[in-house]
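Here are my notes on the model you sent over. I went through the helix packing and then the pockets, point by point.

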Amino acid sequence: MKAETLQKLYTRLIGIFFVLVVISFIFDYSKFGHRPETWHKIFHVLLGSIVLYHGWNNKQFWKPFCLANGAFFTFVAMFGFTFPNFGDLDAFNRLDTILHSIVGVGGLTLGFWKK
């Protein structure tokens, strides 16, 4: 499969999944109200919305997004492994750290893909 196709799929899937975090946000906010985790979820929803709006059909967006998103979430994952449950934030719990690892390493891998 062409690198461009894989980068497009990664960009679209990340955008869709990040926007779907709004469901978790709604339930979390209705149960706990405003808390630091609220901002973690808002970040994902905003990033997903931006990605879907600017990156859905924009070929120049796909590769740089894979690299930038991959680098950022790889860093967040490394931080989560180094400082598990940092500040008691869900963003650094075991599950989120594993998900951030998949998103990060996947983005970097596809960003550097040469096939």
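**Notes on helix packing and pockets**

1. Start with α1 and α2: their axes are 7 Å apart, and the two helices pack at an angle of about 145°. α1 passes α2 in a left-handed crossing. On the α1 side the contact includes Thr-11, Arg-12, Gly-15, Ile-16, Phe-18, Val-19 and Val-21, among others. From α2 come, among others, Glu-37, Thr-38, Lys-41, Ile-42, His-44 and Val-45. Sorted by class, the contact of α1 with α2 has 12 nonpolar, 8 polar and 4 charged residues. Do keep in mind that this is a predicted model.

2. Next, α1 against α4. Their axes come within 9 Å and cross at roughly 155°, which makes α1 roughly antiparallel to α4. The crossing is left-handed. Leu-6, Gln-7, Tyr-10, Ile-14 and Phe-18 of α1 meet Val-103, Gly-106, Gly-107, Leu-110 and Gly-111 of α4. What classes do the residues of this contact divide into? There are 6 nonpolar and 4 polar residues in the contact of α1 with α4, and no charged ones.

3. Then α1 with α3. The axes of this pair come within 9 Å and cross at roughly 60°, so α1 and α3 are oblique to each other. Here too, the crossing of α1 past α3 is left-handed. α1 contributes Glu-4, Gln-7, Lys-8, Tyr-10, Thr-11, Ile-14 and Phe-18 to the contact. From α3 the list includes Lys-59, Phe-61, Trp-62, Lys-63, Phe-65 and Cys-66. By class, the contact of α1 with α3 comes to 8 nonpolar, 4 polar and 4 charged residues.

4. Phe-18 takes part in the contact with α2, in the contact with α4 and in the contact with α3.

5. Now the pockets. How much volume does the largest pocket have? The figure is about 340 Å³. Its lining has 16 residues, and Val-21, His-44, Asp-96, Leu-99 and His-100 are the ones that lie nearest the centre. At least two lining residues come from each of α1 (3-32), α2 (36-55) and α4 (94-111). The lining of the largest pocket splits into 7 nonpolar, 5 polar and 4 charged residues.

6. Val-21 and His-44 link this pocket to point 1. Both are among the residues nearest the centre of the largest pocket, and both belong to the contact between α1 and α2, Val-21 on α1 and His-44 on α2.

7. The second largest pocket holds about 150 Å³ of space. Of the 13 residues lining the second largest pocket, His-40, Phe-43, Phe-72, Val-76 and Ala-91 lie nearest its centre. Which helix gives the most to this lining? That is α2, with 6 residues. α2 and α3 (59-82) each supply at least two. In terms of class, the lining of the second largest pocket has 9 nonpolar, 3 polar and 1 charged residues.

Key: Residues are numbered from 1 along each chain as its sequence is written. This is a predicted model: local features need pLDDT of at least 70, side-chain atom pairs count only at pLDDT 80 or more; totals for chains, interfaces and linings use all residues. Side-chain values use heavy atoms; hydrogens and water are left out. On a 1 Å grid over the protein atoms alone, a cavity is a set of points where a 1.4 Å probe fits but cannot get out, and a pocket is an open set with protein on both sides within 12 Å along at least five of seven lines; lining residues have an atom within 4 Å of a point. Grid points are joined across faces, edges and corners, and a volume is the space filled by probe spheres set on the points. Helices (H or I, at least four residues) and strands (E, at least two) are DSSP runs, numbered from the N terminus. Ala, Val, Leu, Ile, Met, Phe, Trp, Tyr, Cys and Pro count as nonpolar, Asp, Glu, Lys and Arg as charged, and the others, Gly among them, as polar. Axes are lines fitted to C-alpha atoms, for helices over the stretch in contact, and angles run from 0 to 180 degrees between N-to-C directions. Angles under 35 degrees count as roughly parallel, over 145 as roughly antiparallel, 65 to 115 as roughly perpendicular and the rest as oblique. A crossing is left-handed if the near helix is turned anticlockwise from the far one by less than a right angle, and right-handed if clockwise. Contact means heavy atoms within 4.5 Å.
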